[in-house]
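Have the sequence and the 3D view ready.

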Amino acid sequence: MARSRLTPERESELYEAVLDLLREVGYDALTMDAVAARTRSSKATLYRQWGSKPELVARALRHNKPVDLSEIDTGTLRGDFQALLERTDDCQMEKDSALMRGLAHAVHDNPDLHQALRELLIAPEMNGLAEVLGRAVRRGEVDAGNPALSLVPHMLIGAFVARPLIDDQPVDHAFLSAYVDAVVLPSLGV
């Protein structure tokens with residue numbers, strides 16, 4: 001698929017519009033027509049570039065998440081988690097949480113969206129996290145046989161889902177930092 005016909009700036013503009021619409025109307029109500037109108041482009045261009053709504057949404061989310069977890073290496077697992085948290089501000093975290101909550105619902109009714117998110121967003125994130133955790137194991141910080149290693153993604157996603165539900169508060173740096181120190185690192189024996 002030839003994506004090179006859009007400039008990086010134009011592509012960023014389109015992705016930002018998709019994310020804005022997602023936050024405003026949710027996945028089910030988001031249409032290629034609405035994206036075309038918002039971005040002053042044709043539906044044909046959108047389909048030529050991305051093929052489908054799920055792929056467009058997944059790529060917009062991927063574009064919005066420039067942090068490559070595997071690039072973070074401070075020398076300690078705690079340092080790596082802190083560095084990860086410092087890469088985003090509370091405002092962006094709240095916007096991302098709202099997006100993810102909306103998408104979590106849509107994924108149940110849209111297998112194509114689920115597949116696109118797994119390939120373009122979840123798999124790269126899981127690989128990056130596995131790299132960060134693997135380095136901690138190689139440094140001797142975490143025992144290779146620790147059963148919590150495979151549950152770290154579940155713990156982190158749980159924090160994002162639970163905070164608004166239980167505390168009626170957005171997820172922010174202070175909460176995530178405390179959560180990592182109190183739950184994630186102790187479960188890993190750090």
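Q: What share of residues 31-50 is helix, and how far apart do the end C-alpha atoms of the span lie?
A: The span is 80% helix and 0% strand, and its end C-alpha atoms lie 13 Å apart. Here helices (H or I, at least four residues) and strands (E, at least two) are DSSP runs, numbered from the N terminus. This is a predicted model, where local features need pLDDT of at least 70, side-chain atom pairs count only at pLDDT 80 or more, and totals for chains, interfaces and linings use all residues. Residues are numbered from 1 along each chain as its sequence is written, and side-chain values use heavy atoms, with hydrogens and water left out.

Q: Where does the name "DNA-binding region" come from?
A: An unreviewed UniProt entry lists residues 31-50 under that name. UniProt positions follow the numbering used here, feature names are shortened, and annotations may be inferred rather than shown by experiment.

Q: What makes the pattern of the chain α-α-α-α-α-α-α-α-α?
A: The secondary structure comes to 9 helices and 0 strands, and reading along the sequence gives that pattern.

Q: How do you know which domains the chain has?
A: The bounds come from an automatic or database domain assignment, which gives domain 1 (8-62) and domain 2 (66-187). Their centres, taken over C-alpha atoms, are 25 Å apart.

Q: What shows that domain 1 is in contact with domain 2?
A: Contact means heavy atoms within 4.5 Å. By that rule, 12 residues of domain 1 are in contact with 15 residues of domain 2.

Q: How much area is buried between domain 1 and domain 2?
A: Buried area is the accessible area (1.4 Å probe) that two parts lose on being put together, summed over both. Between these domains it is about 1,300 Å², with carbon and sulfur atoms giving 71%. In domain 1, Arg23, Leu61 and Arg62 lose the most area to domain 2, together 48% of what that side buries.

Q: What does the salt bridge of Asp73 and Arg135 tie together?
A: These side chains meet at 3.5 Å, N to O. Asp73 lies in the loop between helix 4 and helix 5 (77-86) and Arg135 in helix 7 (residues 111-138), so the pair ties together parts that are 62 residues apart in sequence. A search of the whole structure finds 16 salt bridges.

Definitions and conventions:
Salt bridge = Lys/Arg side-chain N within 4 Å of Asp/Glu carboxyl O.
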